[in-house]
Amino acid sequence: MKAAGLLTACLLLAGAAGAQQLKWNFDKLAARASDSVDVSLEGPLLRLGTSFLSDTDKDQAKIKKLVGGLKGIYVRTFEFKKPGEYSQADVESFRAPLHGPEWQRIVGVHSNEEGETVEVYIRSEAKGIGGLAIIATEPKQLTLVNIVGPIDLDSLSELGGQFGIPEVEVDKKK
Amino acid sequence: MAPLEDELKAALRRSEPSPDFTERVLARVAAAPVRRAPRVSQMWVRWVAAMAATLLLAAGGLEYRHYQGERAKSQVLLAVRIAGSKLNKAQKKVQMMTHRSIS
């Protein structure tokens, strides 16, 4: 009886954790993409990967702290041979689950010159940010990120600027 | 039928063993090699082999777990790199626009 109760509790917890992951369907894009990246880490595998991060390496220690409390990290990047291989309807299908009241769009930037957009959504919870979603489009690339769990956006952004990605100079013209 | 019966009777006729039959049987039994219990050294060899097999399995398991861990670590780094770079790009754009609008 106790075992049955414990099993039910575990299933409910697993369901609650899984409910936060965005249900995105990548089938259409995957068929059209020339290259793709698929990172899907959750539960024991995420904890194992985190435990392998170094405590002495400065960057890895920061990442370890950043991802330590997460429940899941899901990243998909699709690269296409030429522009126009994915439509706005495709992008809208990824936005659809983010229209719910628990999600809030905090940043949306668009560059006409480069044809790039980045949209950042957060999932608000009583204790703070409980999840993150990013939809980033470029003419020949589409990136979707879903992070489940409490995440420090400043630390994540700071780490993103350290991986050989050129820092964008702030315009100092006066 | 009679010749067949005669032949059978002749073939199955009771004959007494030779007088030294018992001695010969006992001598054969005494000469046969005896299956002895395994020696202590043989038991050690088996035990060491079993231990070696167990250690090999354990080492293989650890090695696989290490491989899984390194792979998961690479995936964590890749995911943070991609997510962080996109977030950083958005943040910088916002900073740039804010700076432009102020100046």
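**The core and the strands around it**

Reply: In this predicted model, strand 2 of chain A and strand 6 of chain A pair in the antiparallel sense, with eight bridges between them. Within that pairing, A:Val75 has A:Val145 of strand 6 as its bridge partner. A:Val145 is also one of the residues with the most contacts inside the largest nonpolar core.

That core holds 41 residues. The others with the most contacts inside it are A:Ile73 and A:Ile134 from chain A, and B:Val76, B:Ala79, B:Val80 and B:Ala83 from chain B. From chain A, at least two core residues each come from strand 1 (35-42), helix 4 (58-67), strand 2 (72-79), strand 4 (116-125), strand 5 (128-138), strand 6 (141-148) and helix 6 (153-160). Chain B takes part through helix 3 (40-102). This helix gives the core its largest share, nine residues. In general, nonpolar side chains in soluble globular proteins tend to be buried together.

B:Val80 shows the contacts across the two chains at the level of one residue. Leaving out residues up to four places away in sequence, B:Val80 touches A:Ile63, A:Leu66, A:Val67, A:Leu156 and A:Leu159. Over the whole interface, 37 residues of chain A are in contact with 30 residues of chain B.

A:Trp103 has A:Arg123 of strand 4 as its bridge partner. Four residues lie between the strands of this hairpin, and A:Gly115 takes a positive phi near 65° there.

For context, chain A contains six helices and six strands. Read from the N terminus, its elements follow the order α-α-β-α-α-β-α-β-β-β-β-α. Of its 174 residues, 25% count as buried. Among contacts in chain A with a separation of 6 or more, 57% are between residues 24 or more positions apart.

Methods: Residues are numbered from 1 along each chain as its sequence is written. Chains are lettered from A and ligands numbered from 1 in the order in which they are written. This is a predicted model: local features need pLDDT of at least 70, side-chain atom pairs count only at pLDDT 80 or more; totals for chains, interfaces and linings use all residues. A nonpolar core is a set of buried Ala, Val, Leu, Ile, Met, Phe, Trp, Tyr and Cys residues joined through C-beta atoms within 7 Å. A residue is buried if 20 or more other C-beta atoms lie within 10 Å of its own, exposed if 12 or fewer, and partly exposed in between; C-beta atoms are placed from the backbone. Two residues are in contact if their C-beta atoms, placed from the backbone, lie within 7 Å. Two strands pair if DSSP finds at least two bridges between them.
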